[in-house]
Amino acid sequence: MFIGATTAVLVAMTLVLYRAFAGPTLFDRVLSANSFGTKIVLLIGLLGFLTDRPEFLDIALLYALVNFIGTIAILKFFRYRNMGLSSDEIASREDEG
Amino acid sequence: MTTSPDMVIIIIDLVLLTLLCLTAFAIMLVRHLFAVVALTGAFSLLSAGLLVTLDAVDVAFTEAAVGAGISTVLMLGTLALTKRREATKPKLSPIGLMIIFLTGATLIYATPDMPKFGAADSPGLMHIVPDYIEGSKNDIAVPNIVTAILASYRGYDTLGEVAVIFTAGMGVIILLGRRREDEYGYSEDNAAFPLHPEGSDNTTGKDKS
């Protein structure tokens, strides 16, 4: 069962990477980068079960956290075109827009 | 089905390596810099996955945290200060291509001479590692051998690394950190070379690839 799931995840990774190559819009790429991270998390979890070391799940959880930070950074970049804004500046830009 | 987990691991390695090569070529060919940032994130995650299959879980996690996490954020911060497209089309230089192929061929030629994966008698493990394994418990009194090596046997080495990373962090903060409009009178509005000229900040995805 784990072998089948791993195959499915690998196929899904290929498809997601194709979307990252092809685009066409930026948001396709944001989405593909994010879901590629999710696929890696799944793959590491499955690898743990395949090799009888389920403690790999902890590593997979940490990867999920890192992936989340990356996506937040990308979205913040799109929204404000700047990575170093304080919360006050964000609030003032929200008021303008 | 007679497929053993080892077979599956080999297949996973092959697929991940193929995807890694494809991603590398895509990074080379794509001219839209935001796509390149997204692809380098995917590249880091792929190599982290490969390192996990090689049982180097700690290295894999460093790769994922630094490559996919911090680097993505830093590259986006850089993109906020520059343009989103590569300005010049790079030319294919035959000499460079030849050097790369020669280096690659040399590395592949040298690969069979390497010790087997995970072999206990590989030269790297024969020199001083037995002393570390024997001595760390009594010399350092730290139960974890890796911690003992990094923090004590190679303490100065680690201190040097900390200095390097600190310097790099300072450089990044100076280059990308938020600009203060403070007692020095510097602000985006009166700067001689404004970083964000009027009309250049389009928040919507107007420039599609």
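On a 1 Å grid over the protein atoms alone, a pocket is an open set of points with protein on both sides within 12 Å along at least five of seven lines, while a cavity is a set where a 1.4 Å probe fits but cannot get out; lining residues have an atom within 4 Å of a point. Points are joined across faces, edges and corners, and a volume is the space filled by probe spheres set on them. What you're looking at is a predicted model, where local features need pLDDT of at least 70, side-chain atom pairs count only at pLDDT 80 or more, and totals for chains, interfaces and linings use all residues. Residues are numbered from 1 along each chain as its sequence is written, and chains are lettered from A in the order in which they are written.

Let's start with the second largest pocket, which holds about 400 Å³ of space. Its lining includes B:Phe25, B:Lys89 and B:Phe101. Helix 1 (5-29) and helix 4 (94-110) of chain B each give two or more residues to that lining (helices are DSSP runs of H or I, at least four residues, numbered from the N terminus).

The largest cavity has about 160 Å³ of space. Of its 16 lining residues, A:Ala33, A:Asn67, B:Gly41, B:Ala68 and B:Thr72 lie nearest the centre. Helix 3 of chain A brings the largest share of this lining, 6 residues.

The second largest cavity has a volume of about 30 Å³. A:Ala33 turns up in its lining too, along with B:Ala38 and B:Ala42.

Conventions
Heavy atoms only, no water.
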